[in-house]
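Subject: Structure handover

Hello,

Here is the structure I said I would pass on.

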Amino acid sequence: MSEGPVATGAPSRSDWRPRANPWAIAIAVTSAAFMEVLDTTIVNVALPHIAGSLSVGVDEATWTLTSYLVANGIVLPISGWFGSILGRKRYFLICISMFTVCSLLCGLATSLPQLILFRIMQGFFGGGLQPNQQSIILDTFPPARRGAAFSVTAIATIIAPVLGPTLGGIITDNISWRWIFFINVPVGIAACVAVFALVEDPPWAKAAARSDKLNIDYIGLSLITLGLGSLEIVLDRGEQEDWLGSNFIRLFTVLAILGITGAVCWLLVAKKPVVNIRVLANRNFALGATMIFSMAVVLYSSAVLIPQLAQQQLGYTATWSGMILSPGAILTLFTIPIVGRLLPKIQTRYLIATGFALLGCALFYASTITPQVNFTTLALMRAFQTFGLAFLFVPISSIAFSTIAPELNRDAASLYTMFRNVAGSVGISIATALVTEHTQTRMAYMSEHLSPFNQPYLDTLARNTAVLQSHGVAATNLANTANGAIYKGLILQSSVQAYLDVFVICAVLAFCIVPLTFLFAPSKVGGRKPAGAD
């Protein structure tokens with residue numbers, strides 16, 4: 001599917017330029033998307049505080065995450081259609097303003113049902129921000145400048161999930177969990193004013209809006225809602241509900257399969273589908289979607305695993321566990337512009353291959369830590385990972401959209417963002433499940449050595465007993481206390497080993513993606529289009 005002429009009567013892409021400064025537009029739309037992406041992770045560290053404040057269990061409080069992800073996931077692939085019905089600028093402004101209002105309502109909620117309702121609304125309107133931000137940037141910048149423009153977009157996609165736990169921990173520990181929602185209000189107001197003043201719809205978007213107003217694909221909408229909504233519930237609640245051991249998860253797994261399969265079949269045959277999935281026939285775009293999916297799996301899973309390891313096993317506070325991620329975020333801010341400058345000079349697929357190779361090396365390095373690891377080592381470990389990520393987002397985004405026709409930008413942006421966000425949920429769910437499973441496996445293996453017939457165990461028990469005796473522990477408690485110390489060490493060692501196992505699995509995934517990068521058509525972003533592109 002090569003870049004061809006746009007709809008009849010609409011000027012070609014090269015004939016149109018926005019009246020406002022393109023960089024001002026990019027910053028305005030990215031500030032809105034940044035706010036929305038931040039809200040996908042900022043709530044995580046506040047769940048115990050929310051549960052205590054609203055007098056519910058932590059497990060019940062996690063529905064504030066699930067409800068947001070479900071609503072968000074449903075809207076992502078159809079946000080381009082909403083934009084065509086309402087007008088892209090108008091829809092973007094509605095999303096920003098309502099997301100801001102819902103954030104305020106979340107902060108004011110006095111009960112869990114209220115908070116869940118407002119989070120559903122927040123996720124529904126927030127789902128339209130990322131795809132429309134990407135679509136606006138695609139239309140605002142010519143192909144030769146998109147690499148640099150996507151550097152701005154990367155700030156929202158890579159920095160926001162990393163900053164979320166850090167900012168959420170600081171706010172929750174020092175002020176109140178309600179302020180993780182209130183901080184969206186001034187940002188939302190400023191973004192709304194900036195978008196209203198700067199953004200405009202290109203002619204082909206206006207033409208598409210006029211032609212789509214009476215075409216409502218109810219079947220496609222229903223199937224997407226059923227499939228993606230059920231999938232998000234499975235991914236977010238699976239670990240708490242024992243996955244397929246739960247009737248609840250089995251039901252939603254079946255609904256997800258039926259909904260997604262039905263949606264794909266319907267969208268391929270519908271005359272006016274709610275989203276044009278045939279855009280995936282474009283080789284570069286299909287590979288780009290695969291690459292961004294893989295990158296997001298690693299990005300989101302590692303952004304959750306590292307603070308989780310620090311808090312649950314190493315005794316860090318929410319604030320300090322979040323601070324581990326901060327140096328990597330700062331490094332990314334400096335690295336992404338450099339990668340943007342390399343795009344016109346080096347074949348894009350080489351940069352992507354380098355990024356996945358670096359990421360794989362960084363994850364293998366992370367698998368060498370011990371329970372005695374210090375803050376500096378953890379921070380450097382994360383910084384090494386984000387260095388590899390900086391070589392991925394901008395090149396992948398640039399080459400994925402390089403051969404997409406302008407009139408398909410909205411569908412491509414919606415699908416691309418959907419792949420990225422669903423991958424985040426997949427990564428977090430699988431990584432969390434693997435940690436639990438590998439902890440049990442490691443503990444079962446290590447416990448075999450805690451036997452009266454194992455001399456190292458007897459030596460350790462004797463040392464513990466001597467130390468406790470020197471501290472004045474009563475003789476009747478010596479045996480139980482000494483064994484308790486060994487068991488505590490067993491739990492710590494098996495848990496840390498489980499995290500290291502998951503880092504190795506992520507590293508293998510990153511290395512497996514490297515050969516696939518050479519399936520991209522040879523090109524330099526901003527240079528000539530790939531010869532023979534689909």
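Q133 counts as buried, because its relative accessibility is 1% and the limit for buried is under 20%. Bear in mind throughout that this is a predicted model. Q133 sits in helix α8, which covers residues 129–140. Setting aside residues up to four places away in sequence, Q133 touches V29, T30, A33, F92 and T153.

For T335 they are F387, A390 and F391. T335 can also be placed relative to G388: the two are 53 residues apart in sequence, and their C-alpha atoms are 9.5 Å apart in space.

I249 is part of helix α14, residues 247–269. Its relative accessible area is 0%, so I249 is buried. Apart from neighbours within four places in sequence, I249 is in contact with I233, V234, R237, G238, E241, W243 and L244. One of these, G238, is 11 residues from I249 in sequence and 6.4 Å from it in space, C-alpha to C-alpha.

Another of those contacts, W243, lies in the loop between α13 and α14. W243 has a positive phi of about 45°, although it is not a glycine. Is W243 buried, exposed or partly exposed? At a relative accessibility of 26%, W243 counts as partly exposed, because that class lies between the 20% and 50% limits.

S55 also has a positive phi without being a glycine, in this case about 60°. S55 is found in the loop between α2 and α3. With a relative accessible area of 67%, S55 is exposed.

The largest pocket

How big is the volume of the largest pocket? The computed value is about 1200 Å³. Its lining is made of 43 residues, and N44, L65, V304, Q308 and I428 are the ones that lie nearest the centre of the pocket.

Which helix gives the largest share? That is α21, with nine residues of the lining. By residue type, the lining of the largest pocket divides into 18 nonpolar, 20 polar and five charged.

The protein as a whole

The protein has 23 helices and zero strands. It is 534 residues long, and 55% of these residues count as buried. Among contacts in the protein with a separation of 6 or more, 84% are between residues 24 or more positions apart. The protein exposes about 21500 Å², of which carbon and sulfur atoms supply 68%.

Confidence in the model

The average pLDDT of the protein is 81, and 88% of the residues score at least 70. Where does pLDDT stay under 50? One such stretch is residues 1–11, for which the model has 26 contacts beyond four places in sequence. Another is residues 527–534, where the pLDDT is below 50 and the model has 14 contacts beyond near neighbours in sequence.

That is the end of my notes.

Regards

Conventions: Residues are numbered from 1 along each chain as its sequence is written. This is a predicted model: local features need pLDDT of at least 70, side-chain atom pairs count only at pLDDT 80 or more; totals for chains, interfaces and linings use all residues. Side-chain values use heavy atoms; hydrogens and water are left out. On a 1 Å grid over the protein atoms alone, a cavity is a set of points where a 1.4 Å probe fits but cannot get out, and a pocket is an open set with protein on both sides within 12 Å along at least five of seven lines; lining residues have an atom within 4 Å of a point. Grid points are joined across faces, edges and corners, and a volume is the space filled by probe spheres set on the points. Helices (H or I, at least four residues) and strands (E, at least two) are DSSP runs, numbered from the N terminus. Ala, Val, Leu, Ile, Met, Phe, Trp, Tyr, Cys and Pro count as nonpolar, Asp, Glu, Lys and Arg as charged, and the others, Gly among them, as polar. pLDDT is the predictor's confidence in each residue, from 0 to 100. Contact means heavy atoms within 4.5 Å. Buried means under 20% relative accessible area, exposed over 50%, partly exposed in between (1.4 Å probe, protein chains only). Accessible areas come from the Shrake-Rupley method with a 1.4 Å probe; for residues, only the protein chains shown count as cover.
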